[in-house]
Amino acid sequence: MAIYENIKLDKGLYSTGKGFTAELESVDPSENYKGTSLDGLDAFERQLKRFDIKVSGAGSDTIEKFFKTTDSAALFPEYVARAVKKGKEEADILPLIVAAKTQINGMDYRTIASVPTKAEKELKNVAEGAAIPETTVNVQSNLVKLKKRGRMLVASYEALRFQRLDLFTVMLKQIGAYIATTQLNDAVTVITDGDGNSNPAKATTVAKAGEITYQDLVNFWNGFDPYSLNTMIVSPDAAAKILVLPEMKDAVAGLNFHGTGKVVTPLGAKLLKSSAVASGKIIGLDKNYALEMVQAGGITTEYDKLIDRQLERAAITEISGFAKIFTDASKVLTV
């Protein structure tokens, strides 16, 4: 009998801090299955196969299948967390604006920052024996503000026990989408207002209030030197004004928008429309240097409630925060 069929499953696998799948992998490494029919499955997916639980597709099982045995019930919180994570990833645009992602084990974190002067940004010729110009990196004075974002899953097991997992996954993915939207709101707030270390984004306005021209965008783009304006997060109303600019009627830009729904501005920056941005605001940033995301773990479920009480009420959460890296790498334009 294969190792994965003999593993005792219980909620203690969730309480070690490593994560459920990581604990399973430590006793049942995936590398042992290379070249077999189980190659490509991780330790959790092998356990689903062990108990013949199908979580997707037209032939997916019912929620009741997880609770046939005490061992298979221990798999349910991980299934919930993975479904929520998948929904978060599908709705998440943070990877398009975050320069670095930092995982921490506690709740206190200070990021680092470097605020070079104009002279320090220039790599001047250094004469023989002369001192090499310095770049100073400091620890920020204020902690990164971490916030717990999530939803309470409230359901009756009796009402859901015969529902297909494929449909229930859709419900869980929506929770992930809610978390992604809220975290984007947090990121936008930090970009515009700063992270508590006196570093709000520099704000400018268009030449004529309420209207935006191609010249306004060029001026905005030109203000990023030595950084690059490669990403724009735009409110829906401002996005509409940009899309009707004559320059956006360029054949290539138009074909790309009509064919993929993805907008690239005439300046080459990727345009991301989001209601997280206040009306009439355009956030521009160099995504390679502007923002750090800090996470204290990943998607967390109240595993004991999900196992012992079979749904009922259980919180699904993720703790994260954001910090500015280089202040001048992000700016705000008001239309």
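My entries follow, from the whole protein down to single residues.

**Entry 1: the whole thing**

Before anything else, I noted that this is a predicted model. I counted the pieces next: the protein has ten helices and 13 strands. Along the principal axes, the C-alpha atoms take up a box of roughly 70 × 55 × 40 Å. I then checked burial, and 44% of the 335 residues came out as buried. I also looked at how far apart in sequence the contacting residues are. Of the contacts with a separation of 6 or more, 79% are between residues 24 or more positions apart.

I picked α4, residues 76-91, and α6, residues 165-193. At what angle do they pack? I got about 55°, with the axes 6 Å apart. The cut-off for roughly parallel is under 35 degrees and roughly perpendicular starts at 65, so I wrote the pair down as oblique to each other. Their crossing is right-handed.

Then I listed who touches whom. On the α4 side I found F76, Y79, V80 and A83, among others, and on the α6 side the residues include L165, F168, L172 and I175. K86, K88 and E90 of α4 also take part, as do K173 and Q183 of α6. Sorted by class, this contact has 13 nonpolar, four polar and four charged residues.

Next I went to β12, residues 312-324. Is this strand enclosed or open? Eleven of its 13 residues are buried, so I call it largely enclosed by the rest of the structure.

I looked up its pairings one at a time. With β4, residues 147-155, there are nine bridges, and the two strands run antiparallel. One spot I marked there is R151, whose bridge partner in β12 is I316. With β10, residues 291-295, I found five bridges, again in the antiparallel sense. In that pairing, Q295 stands opposite S320 of β12. With β11, residues 300-301, there are two bridges, and these strands are antiparallel too. T301 has I316 as its bridge partner in β12.

**Entry 2: strand β6**

I moved on to β6, which spans 231-234. Which way do its side chains go? T231 and I233 point one way, M232 and V234 point the other way, and all of them are buried.

In β9, G284 is the bridge partner of M232.

P226 sits in the loop between α7 (214-222) and β6.

Where did I find positive phi in residues other than glycine? D52 is one of them, with phi near 55°. D52 belongs to the loop between α2 (43-50) and α3 (70-73). Its relative accessibility is 44%, so I put D52 down as partly exposed. S198 also has phi near 55°. This residue is in the loop between α6 and β5 (202-205). S198 counts as exposed because its relative accessible area is 75%, and the cut-off for that word is over 50%.

**Entry 3: R164**

My last stop was R164, in the loop between α5 (157-160) and α6. Its relative accessible area is 45%, so I noted R164 as partly exposed. What does R164 touch, leaving aside neighbours within four places in sequence? I found S60, D61 and T62. I also took a distance to A323: from C-alpha to C-alpha, R164 and A323 are 41 Å apart in space, and in sequence they are 159 residues apart.

Methods:
Residues numbered from 1 in each chain as written. Predicted model: local features only at pLDDT ≥ 70, side-chain atom pairs only at ≥ 80, totals over all residues. Heavy atoms only, no water. Axes fitted to C-alpha atoms, helices over the stretch in contact; angles between N-to-C directions. Helix = DSSP H or I, 4+ residues; strand = E, 2+ residues; numbered from the N terminus. Parallel < 35°, antiparallel > 145°, perpendicular 65-115°, else oblique. Left-handed = near helix turned anticlockwise from the far one by under 90°. Contact = heavy atoms within 4.5 Å. Nonpolar A, V, L, I, M, F, W, Y, C, P; charged D, E, K, R; others polar. Buried < 20%, exposed > 50% of the residue type's maximum accessible area, 1.4 Å probe, protein only. Pairing = 2+ DSSP bridges.
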